[in-house]
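Subject: Structure handover

Hello,

Here is the structure for your files. My notes on it follow below.

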Amino acid sequence: MDERRKFSRILFAASASVHQGDKQWQTTILDLSLNGALVDEPAGFSHTDAPITLSFTLPGSDIELQMETELVHQRNQQLGLKCKFIDVDSISHLKRIVELNLGDASILNRELALFIEKHNSAD
């Protein structure tokens, strides 16, 4: 099964920044999942093999989420970012965003178990 189909993607329009090494770009998040995000490709973006940190503030709050990601695809002026590491506070907020948008706790629990399994077995 295609990995992106294992995690529900929710539409989530928010301003964000991506950092790679000493470079930083502004972007917009198009959708989110527990396993990553789809963002607009920032103007002047140039990819290296270094991890990409995605940062954004929840609209209407001062809560900032960050995740370390890797680029899994770059097409149609969009970047597909796969989560490699996320701190406990950020995953708690992300889990709540997904939960509110899915409206089905059983789907969220399945995806959270899959997320934990994938990240515990990561190299």
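**Strand pairing**

V18 has L54 of β4 standing opposite to it. That is one detail of the pairing between strand β1 (residues 10-20) and strand β4 (residues 52-57), which are antiparallel and share three bridges. Please keep in mind that this is a predicted model.

Strand β4 also pairs with strand β5 (residues 64-75); six bridges join these two, again in the antiparallel sense. Within this pairing, T53 has E68 in β5 as its bridge partner. The β4-β5 hairpin has six residues between its strands, and in it G60 adopts a positive phi near 75°.

**The chain as a whole**

Two helices and six strands make up the secondary structure of the chain. In sequence order the pattern reads β-β-β-β-β-β-α-α. The chain has 123 residues, and 38% of them count as buried. Of the contacts with a separation of 6 or more, 53% are between residues 24 or more positions apart. The accessible surface is about 7100 Å², with 47% of that belonging to carbon and sulfur atoms.

**The loop between β5 and β6**

As a general point on backbone angles, most residues other than glycine have a negative phi. Two residues to check against that are N76 and Q77, whose values are as follows. N76 lies in the loop between β5 and β6 and has a positive phi near 55°, although it is a residue other than glycine. Q77 is found in the loop between β5 and β6, and its phi is also positive, at about 60°, without it being a glycine.

**Strand β6**

K82 belongs to strand β6 (residues 78-86). Its relative accessibility is 22%, so K82 counts as partly exposed; buried would require a value under 20%. The C-alpha atom of K82 is 6.7 Å from that of A37, while the two residues are 45 positions apart along the chain.

**Helix α1**

Helix α1 (residues 88-102) contains 15 residues. From first C-alpha to last it reaches 21 Å, which is close to the 21 Å expected at 1.5 Å a residue.

Which residues of α1 are buried? They are S90, I91, L94, I97 and V98. Viewed down the axis of α1, these buried residues fall within an arc of 120°, so they line one face of the helix.

Just after α1 comes G103, whose phi is positive at about 70°.

**Places to look at**

If you open the model in a viewer, these are the spots described above:

- the pairing of T53 with E68 in β5;
- N76, with its positive phi near 55°;
- Q77, with its positive phi of about 60°;
- the C-alpha atoms of K82 and A37, separated by 6.7 Å;

Regards

Note on methods. Residues are numbered from 1 along each chain as its sequence is written. This is a predicted model: local features need pLDDT of at least 70, side-chain atom pairs count only at pLDDT 80 or more; totals for chains, interfaces and linings use all residues. Side-chain values use heavy atoms; hydrogens and water are left out. Two strands pair if DSSP finds at least two bridges between them. Helices (H or I, at least four residues) and strands (E, at least two) are DSSP runs, numbered from the N terminus. Buried means under 20% relative accessible area, exposed over 50%, partly exposed in between (1.4 Å probe, protein chains only). The expected span of a helix is 1.5 Å times one less than its number of residues. The arc is that of the directions from the helix axis to the C-beta atoms. Contact means heavy atoms within 4.5 Å. Accessible areas come from the Shrake-Rupley method with a 1.4 Å probe; for residues, only the protein chains shown count as cover.
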